[in-house]
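This report goes through a two-chain model by its parts. Please look over the structure first.

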Amino acid sequence: MKIKVNNKVQELTEERITISELLVKNDVEMPEMVSVQLNGEFVKKEKFEVTVLKDNDEVDFLYFMGGGSLI
Amino acid sequence: MEFSDEQLERYSRHIILKDVGYEGQQRIASGSVLIIGAGGLGAPAALYLAAAGVGKIGIIDGDVVDTSNLQRQVIHFTQDVNKPKVQSAKEKIEQINPDVEVVTFRKIVLADNIMDIIKDYDFILDGTDNFPAKFLINDACFFAKKAYSHGGILRFNGQTMTYTPGNTCYRCIFNSPPPKNLVPTCSQAGVLGAVAGILGTIQAAEVLKYLIGKGQLLTNKLLTFDALNMQFRNVAVSKNRNCPLCGQQPSIRTLMNYEQPVCDIKQNNISSGDKVC
């Protein structure tokens, strides 16, 4: 199955993979802190474990970023 | 307003630009921008906005210049160490461009002061490094129907998005602040100085585009970049119907102070009357 993660195609051997499993597979630090869009729609964090991906799905992992001035 | 000969010369490279022109420069000159945080992002943004001739620049920051700031906060010089950042920034802006009116606030933004401060500005630039402030700015701009630029940097990475009323907000993407100290800040994890310059300058360009009303803003888009591999990505971010602020059943009706990462805040640098919440 092919899934696009952050605009790069990943060829997956798994027959069934959830968003949670995809986060682990991609070695994402603190997966509970990542925002995920699936085909352009945000997925609630509590749905990561039950959302199963299909061929040609497009997934965006978006990360918290602070930075700037301490104020 | 009419420009003097000196101003026509000063802004000539804008005025000859097709999408700016005399009228665009007039819009810049009558525009007002509030920069929240005179640090890594606010410093380059303030320099470019001052040079561009933005009519009024407000700067809010409760901190003083520290030696460790000088690696990236390019508006502050070595001799400014221990000086309030807002004073240091004001002095540089006035040297770059005496046309600019500079208003300074030596304090931090809180739920009980932010609405009163942002109301006098056309555009708000988030240059803060902590999540409580970022969520507060987002919520305040939503309630006040103000445009603002979100910016975040960490290590070799940066992200920015422009909010205008009706479009995707920061909470559509990130819902609520991460638990304290779980996501590192620059002071904990480091940042390449030039990354702050890239991002703050992108934010300044968004401000100028907003003021002249030309081009496409970074609305409904989160621009992320990785300077280590010099890759930029523009991610379309749609409005989230479950957003607690602007979604279909919003749960947030008022501004709130989240717990600040007090371990990082130098209490003695915050002017009296302000509290850390």
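## Basis of the model

This is a predicted model, in which local features need pLDDT of at least 70 and side-chain atom pairs count only at pLDDT 80 or more, while totals for chains, interfaces and linings use all residues. Residues are numbered from 1 along each chain as its sequence is written, and chains are lettered from A and ligands numbered from 1 in the order in which they are written.

## Chain A

Chain A holds 1 helix and 5 strands; helices (H or I, at least four residues) and strands (E, at least two) are DSSP runs numbered from the N terminus. In sequence order the pattern of chain A is β-β-α-β-β-β. The C-alpha trace of chain A spans about 50 × 25 × 20 Å along its principal axes.

Chain A has 71 residues, of which 25% count as buried. A residue is buried if 20 or more other C-beta atoms lie within 10 Å of its own, exposed if 12 or fewer, and partly exposed in between, with C-beta atoms placed from the backbone. Of the contacts in chain A between residues at least 6 apart in sequence, 59% join residues at least 24 apart. Two residues are in contact if their C-beta atoms, placed from the backbone, lie within 7 Å.

## Contact between the chains

Chain B puts 44 residues into the contact and chain A puts in 20 residues. On the side of chain B that touches chain A, at least two residues each come from helix 7 (131-144), strand 5 (147-154), strand 6, helix 8 (170-174), helix 9 (186-189) and strand 8 (231-236). Strand 5 of chain B gives the most to this side, with 4 residues.

By residue type, the side of chain B that touches chain A has 21 nonpolar, 18 polar and 5 charged residues. Here Ala, Val, Leu, Ile, Met, Phe, Trp, Tyr, Cys and Pro count as nonpolar, Asp, Glu, Lys and Arg as charged, and the others, Gly among them, as polar.

## Helix 4 of chain B and its partners

Of the 11 residues of helix 4 of chain B, 9 are buried, so this helix is largely enclosed by the rest of the structure. Among the buried residues of helix 4 are Gly42(B), Pro44(B), Leu47(B) and Leu49(B). Gly53(B) follows helix 4 of chain B and has a positive phi, near 85°.

The axes of helix 4 (residues 42-52) and helix 10 (residues 193-212) of chain B come within 7 Å and cross at roughly 40°. Axes are lines fitted to C-alpha atoms, for helices over the stretch in contact, and angles run from 0 to 180 degrees between N-to-C directions. Helix 4 and helix 10 of chain B are therefore oblique to each other; angles under 35 degrees count as roughly parallel, over 145 as roughly antiparallel, 65 to 115 as roughly perpendicular and the rest as oblique. The residues of the contact of helix 4 with helix 10 of chain B comprise 10 nonpolar, 5 polar and no charged.

Helix 4 and helix 5 (residues 85-96) of chain B pack at about 30°, with their axes 9 Å apart. These two helices of chain B, helix 4 and helix 5, are therefore roughly parallel to each other. Ala46(B), Leu47(B), Ala50(B) and Ala51(B) of helix 4 meet Ala89(B), Ile93(B) and Ile96(B) of helix 5. The residues of this contact of helix 4 with helix 5 of chain B are 7 nonpolar, no polar and no charged.

## Nonpolar cores

The largest nonpolar core has 73 residues, and those touching the most other members are Val33(B), Ile35(B), Ala46(B), Leu49(B), Ile57(B), Ile124(B) and Leu125(B). Helix 10 of chain B gives the most to this core, with 10 residues. A second, separate core of 7 residues includes Ile3(A), Ile19(A), Leu22(A) and Leu23(A). A nonpolar core is a set of buried Ala, Val, Leu, Ile, Met, Phe, Trp, Tyr and Cys residues joined through C-beta atoms within 7 Å.

## Two buried residues

Gln159(B) lies in strand 6 (residues 157-163) of chain B and counts as buried, with 22 C-beta neighbours inside 10 Å. Not counting residues up to four places away in sequence, Gln159(B) touches Met65(A), Gly152(B), Leu222(B), Leu223(B) and Thr224(B). The C-alpha atoms of Gln159(B) and Thr224(B) are separated by 4.3 Å, although these residues are 65 residues apart along the chain.

Val86(B) is in helix 5 of chain B and is buried, with 24 other C-beta atoms within 10 Å. Val86(B) and Lys107(B) are 21 residues apart in sequence and 9.4 Å apart in space, C-alpha to C-alpha.
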